[in-house]
Amino acid sequence: MRNSSYGRLAGKEEAEAIITLAQQFKKNLNGKSFLICFGSKTLRFLEVSFTAGNFSHLAGIDKHNCRIKPHEVYALATAGNLKPEDLGYSIAPKFKMKTIAAKFLNEFGSTATHVSAVNKRRSKVNAEIWISGSKAGFAIGAIHIGSTKSGPVTFAPTSLQLLSDVELQEKSVGKVEPIAVILSRRNKEMSYSVIEFVDENLAEIHSSSLASILLSCGNEVALRNKYPELCSRLFDKDIESLDDISDSATEYAEECNQINARRAELEASFSK
């Protein structure tokens, strides 16, 4: 028997929206982890890990009123075979808002901008931190699931909301901290070798701390091959001549622009 206090009957539109989101989730997020380095004064870092088990809740599906299990929803949706009758009365009240937020979430590496602690009294979500996208207006709540002695604390997404900057501040405790660098890896990989985003100013301010984090969590050889100017600035401190410094600054800026090209493209679309 369904819980009549939550969820409405799914229709064709909802099933098609979930199929689209699931296929995007599979392509961009499932089986991936993101290393997020953040902070204006002190650089800190954490890891967010996405799996297929996260999908149903992030997409606004109430698993208690759904006729099939979350992993079955994801499997059918990614295959393009999900039907309204599979979902039953599982569509959350804010489903349309969540689908909008989920579209931005699928570009997580290019849209996330800030990290903050969750105000549990005001937020009423099962989460400890918010990872938000200021331009996109989304926030995912995430909960701590593990850590290693020398590596980052790992979080798993548990909630997804559309929040303005003001709403995010109200639902956060303390300062909403800017993200300096985002890296990504497949969960089967041991270290990070892809940089999704870099804030040039914060990377300069926190260069020593950032270098330590990347050397600890990243694949140095792969990072140097892909991002020679950035890694040279972080790992090598032997540039001497003014000409070298000027040339390096130009090449560094160009490399950062290439890394952030997807973000710039998305931000332009937000303003339309």
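# Strands, salt bridges and a cavity

Tutor: Strand β3 (residues 114–118) and β4 pair in the antiparallel sense, with 4 bridges between them. Keep in mind that this is a predicted model.

Student: What makes β3 and β4 count as a pair?

Tutor: Two strands pair if there are at least two bridges between them. β3 and β4 have 4 bridges, so they meet the rule.

Student: Which strand pairs with β4 over 5 bridges?

Tutor: Strand β5 (residues 138–147) does, again in the antiparallel sense. Look for S132, which stands opposite A139 in β5. β4 and β5 form a hairpin, with 4 residues between them. In the turn, G137 has a positive phi of about 75°.

Student: Why is β4 called largely enclosed?

Tutor: Count its buried residues. In β4 (residues 129–133), 5 of the 5 residues are buried, so the rest of the structure largely encloses the strand.

Student: Which residues of β4 point which way?

Tutor: I129, I131 and G133 point one way, and W130 and S132 the other way. All of them are buried.

Student: Now the charges. How many salt bridges are there?

Tutor: The count comes to 9 salt bridges.

Student: What makes R8 and E14 a salt bridge?

Tutor: The cut-off is 4 Å between a side-chain nitrogen of Lys or Arg and a carboxyl oxygen of Asp or Glu. For R8 and E14 the N to O distance is 2.9 Å. That is within 4 Å, so the pair qualifies.

Student: Are R8 and E14 buried or partly exposed, and how do you know?

Tutor: Buried means under 20% relative accessible area, exposed means over 50%, and partly exposed lies in between. E14 has 10%, so E14 is buried. R8 has 36%, so R8 is partly exposed.

Student: How do you know that E177 and R44 form a salt bridge?

Tutor: Their closest N and O atoms are 3.7 Å apart. The limit is 4 Å, so this pair passes too. E177 lies in strand β7 (residues 172–186) and R44 in strand β2 (residues 44–49), so the pair ties together parts that are 133 residues apart in sequence.

Student: What separates E220 and R224 along their helix?

Tutor: They are 4 residues apart in helix α11 (residues 220–226), which means about one helical turn. E220, at 34% relative accessibility, is partly exposed. R224, at 28%, is partly exposed as well. Elsewhere, salt bridges with shared partners join E107, R262 and E265 into one network.

Student: Which residues line the largest cavity?

Tutor: L21, F25, L29, F55, L58, A59, A102, L105 and N106 line it. The elements that give two or more residues to this lining are α1 (12–28), α2 (55–58) and α5 (95–105).

Student: What classes of residue make up the lining?

Tutor: The lining has 8 nonpolar residues, 1 polar and no charged ones.

Note on methods. Residues are numbered from 1 along each chain as its sequence is written. This is a predicted model: local features need pLDDT of at least 70, side-chain atom pairs count only at pLDDT 80 or more; totals for chains, interfaces and linings use all residues. Side-chain values use heavy atoms; hydrogens and water are left out. On a 1 Å grid over the protein atoms alone, a cavity is a set of points where a 1.4 Å probe fits but cannot get out, and a pocket is an open set with protein on both sides within 12 Å along at least five of seven lines; lining residues have an atom within 4 Å of a point. Ala, Val, Leu, Ile, Met, Phe, Trp, Tyr, Cys and Pro count as nonpolar, Asp, Glu, Lys and Arg as charged, and the others, Gly among them, as polar. Buried means under 20% relative accessible area, exposed over 50%, partly exposed in between (1.4 Å probe, protein chains only).
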